[in-house]
Amino acid sequence: MLDCGIQYLNRSATDVDCGTGLIAGFYTLPDKAMEPSFSMQFEMQSDLSQLEQAREFVRNFCRCNAHWPVNEEEIFQIQLAVHEAAANIIRHAYQNQCGKRIVIEGACLVDRIMFRLNHWGLSFERDSVPSPVLDGTAESGYGLYIMEYCMDSVQYNFDGKRTNTICITKKKKG
Amino acid sequence: MDLDVEKYPHVTVVTLPGETIEPGSVEELKKAILPLVETNANLIFDMSRIRFIDSMGCGVLLFTERKLKEKGGHLNICCSSPQVTALFEMLGFRNFLGIYSSKEEAVKSINIHKEYRRKR
């Protein structure tokens, strides 16, 4: 566990140190075609000041990807997408209440990197948010557009047990 | 928040502090910028140290551009991070903001613009 107020979870007997001081545990996805890779969890509070730590988690996690080197442009885009997703959870799902849980799960697969942001706040209807007009007239409303532009896939799920999940995926280029 | 401000003949250059512009600092930044927006027609934001900005941070740039435009002014941005520049392009900022890789280029652009308008 790093001593920076960040909780890294999902440690097990099969954990490995991937060279950045982080701990990664192997796990198997239901789809056999998706090769087992490593995953990590990061838990943060619904506090905007913790977004920087979330971005650092993403950066370190991407650097752990053993399948292909994730370049700086891709790392920035993934960091930005996770940041925007977490900021939306804090502002809208938790309505700026501090002390609520956000669990970020990262998974490296052979051909993609995925992050799932789990929260227990208000659920969200993607279709209720219009796309922004990019003419400089609006000062807000760009968060979802940025997430969806930066990533190959963004999914919003509600599992029926009050866990809401935003799942964002970046595929390997080429 | 203290901002580093440099005066040029037709433009004022404001160096945005720190390496990130994000929710925790946005309101303070906006408050610090407001007096400069009220007393200047043209501004350049020197963002050469900025390595990360989010949608709220971009909102401050759009706010500033709108306020300056209302009085016939303009905002130029100097940005050295390719990732941040790519974000601005993603949001279509090049359609209404001057984006330059150096402060000198950004200042020169405002001066050329002013000279062009004077001759007309």
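**Exercise 1. Salt bridges across the interface**

Task: In this predicted model, how many salt bridges does the rule find across the interface of chain B and chain A?

Solution. 
- Step 1. Count. The rule finds 2 salt bridges between chain B and chain A.
- Step 2. Take the pair with B:Arg66.
- Step 3. Locate the partners. B:Arg66 sits in helix α2 of chain B. A:Glu139 lies in the loop between β6 (112-119) and α3 (143-150) of chain A.
- Step 4. B:Arg66 has a relative accessible area of 32% and is partly exposed. A:Glu139, at 22%, also counts as partly exposed. Buried would need a value under 20%.

**Exercise 2. From a pair to a network**

Task: Which residues are linked with B:Arg66 in a network of salt bridges?

Solution. 
- Step 1. Look within chain B. B:Glu70 forms a salt bridge with B:Arg66, and their closest N and O atoms are 3.3 Å apart.
- Step 2. Use the helix. B:Glu70 and B:Arg66 are 4 residues apart in helix α2 of chain B, so about one helical turn separates them.
- Step 3. B:Glu70 is exposed, at 56% relative accessibility.
- Step 4. Join the pairs. A:Glu139, B:Arg66 and B:Glu70 form a linked network of salt bridges.

**Exercise 3. A further pair in chain B**

Task: What is the N to O distance between B:Arg94 and B:Glu89, and how exposed is B:Arg94?

Solution. 
- Step 1. The side chains of B:Arg94 and B:Glu89 meet in a salt bridge at 2.8 Å, N to O.
- Step 2. B:Arg94 is partly exposed, with a relative accessible area of 44%. B:Glu89 is partly exposed as well, at 42%.
- Step 3. Over all chains, the structure holds 10 salt bridges.

**Exercise 4. Composition of the contact**

Solution. 
- Step 1. Chain B gives 22 residues and chain A gives 22.
- Step 2. Get the area. About 1,900 Å² is buried between the chains, and carbon and sulfur atoms give 65% of that.
- Step 3. Find the main contributors in chain B. B:Phe52, B:Gln83 and B:Met90 lose the most area to chain A, together 32% of what that side buries.
- Step 4. Count polar contacts. There are 5 residue pairs in polar contact between chain B and chain A, both residues being at pLDDT 80 or more.
- Step 5. List the elements. In chain B, α1 (23-39), β5 (52-53), α2 (55-70) and α3 (82-90) each supply at least two residues to the side that touches chain A. α2(B) gives the most, with 6 residues.
- Step 6. Sort by type. That side of chain B holds 11 nonpolar, 6 polar and 5 charged residues.

**Exercise 5. Chain A: fold and confidence**

Task: How many helices and strands does chain A have, and where does its pLDDT stay under 50?

Solution. 
- Step 1. Chain A has 3 helices and 8 strands. Their order along the sequence is β-β-β-β-α-α-β-β-α-β-β.
- Step 2. Of its 174 residues, 48% count as buried.
- Step 3. Chain A averages a pLDDT of 83, and 79% of the residues score at least 70.
- Step 4. Residues 1-7 of chain A stay under 50. Residues 10-29 of chain A are also below 50.
- Step 5. Read with care. Where pLDDT is low, predicted coordinates should not be read in detail.

Notes
Residues are numbered from 1 along each chain as its sequence is written. Chains are lettered from A and ligands numbered from 1 in the order in which they are written. Side-chain values use heavy atoms; hydrogens and water are left out. Contact means heavy atoms within 4.5 Å. Buried area is the accessible area (1.4 Å probe) that two parts lose on being put together, summed over both. A salt bridge is a side-chain nitrogen of Lys or Arg within 4 Å of a carboxyl oxygen of Asp or Glu. A polar contact is a pair of N or O atoms within 3.5 Å; within protein, one must be able to donate a hydrogen and the other to accept it, and residues adjacent in sequence count only if both atoms are side-chain atoms. Ala, Val, Leu, Ile, Met, Phe, Trp, Tyr, Cys and Pro count as nonpolar, Asp, Glu, Lys and Arg as charged, and the others, Gly among them, as polar. pLDDT is the predictor's confidence in each residue, from 0 to 100. Buried means under 20% relative accessible area, exposed over 50%, partly exposed in between (1.4 Å probe, protein chains only).
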